Amino acid sequence: MPKISQKGVQMPASPIRKLTPFADQAKKDGKKVFHLNIGQPDIETPEGMLNAIKNIDFNVWAYTPSEGTLAYRLKLTEYYNKLGYNITPENILVTVGGSEAITIAMQTCVNEGDEIIIPEPFYANYNGFACMSNVVVKPILSYIENGFALPPIAEFEKLITEKTKAIIICNPNNPTGYLYSRAELEALKTLCVKYDLFLFSDEAYREFCYDGREFISPMHLDGLDENVVIMDTVSKRYSACGARLGCLITKNKEVIASGLKFAQARLSPGMVEQIAGAAAVDTPDSYFEKVNTEYTLRRDTLVGRLNNIEGVFCPNPGGAFYVVAKFPIDDADKFCQWILEDFSHNDQTVMMAPATGFYSTPGSGKNEVRMAYVLNTDDLNTAMDCLEVALKQYPGRVG
């Protein structure tokens, strides 16, 4: 039998989805499963975006330009310039989801065997994208005790070698919800300028900042235009994860020109998605105010319930819709499988993502779990009832 590639062997499975067979079996066994494992919001997609799809009128479902339609890039320019990015349509490459923006950024800016530094825990698929691009991830630990704040710059400098080409941040962070401050971004800027590094900024959760805190992008910093590459998506902003529409933004003309060649190889982003995406830009502020109020309530509910469970610690995140919590358990992977396979409370259970998959350092995150607060508060409270009982019954409880 022909053998698959070494890259196929090394490609990591998603910690967010790998327990799906156990969740499916639990449902077949009659259990209700509360999904806190994946960032699939139940928030309604903006009406204007849906109406744009319903009112589509064309006779040929055609290719679009590889860089995206001018109409959509003009609307995106309008959106980003309201945020103070000061860009033109020529600074934008429309991509098939945020995932493609990340892979194009890696393939455009980083050579095979070169290194990217990423504070961990980090979005698990960065490992997969790095594997696809033959890039080496150099993790730098952040810690739950201080809410996963940016590690000291001195720790970054210890990792920098002649192979280091970029730093990736996700702000607000998936999986921790940490929101980087202006001071932290200024420190990263100084580092990137000093060592001539790219700063990749994944901003999928930009709209979701809480408690009146301000979102700061590297695009807001002076003197970093040639280094910054923004990677974005409509998935979370408009609760449109199925749209698979994202973009790469940079003022570095060489990056845009080279990135376009990768975009040409996959032909074009979807036409319907760009029509819907253009309409989404006109979503009123009231939509986001309502959504932020809802996510704040859910965050407070989830964090409050978690910290009231004996032996559990969960920092209060400043953005996104995730938390990473520390449990009194021996092994998060075992626990997250056990709670689906061998446990139920009133015929209900919970699906979570073991945090080990969000770390690259072996052994890290073994007693941590990531949860997404994408369910309403009634379901979150019921899920926490299940979790509280499960943590008492789990055979591998410690402490």
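Is Glu 203 buried or exposed? Select Glu 203: at 0% relative accessibility it counts as buried (buried is under 20% relative accessible area, exposed over 50%, partly exposed in between; 1.4 Å probe, protein chains only). The model is predicted, so local features need pLDDT of at least 70 and side-chain atom pairs pLDDT 80 or more, while totals for chains, interfaces and linings use all residues. Residues are numbered from 1 along each chain as its sequence is written, and side-chain values use heavy atoms, without hydrogens and water.

Next, select Asp 211 and Arg 299, a salt bridge with its closest N and O atoms 2.9 Å apart. Asp 211 lies in the loop between strand 6 and strand 7, and Arg 299 in helix 11 (residues 285-307), 88 residues apart (helices, H or I, of at least four residues and strands, E, of at least two are DSSP runs numbered from the N terminus). Asp 211 is exposed at 53%, whereas Arg 299 is buried at 2%.

Then go to Arg 305 and Asp 385, whose side chains form a salt bridge of 2.7 Å, N to O. This pair links helix 11 to helix 13 (residues 377-393) across 80 residues. Asp 385 is partly exposed, at 34% relative accessibility.

To finish, show Glu 203, Arg 206, Asp 232 and Arg 237 together: salt bridges with shared partners join them into one network.

Notes
A salt bridge is a side-chain nitrogen of Lys or Arg within 4 Å of a carboxyl oxygen of Asp or Glu.
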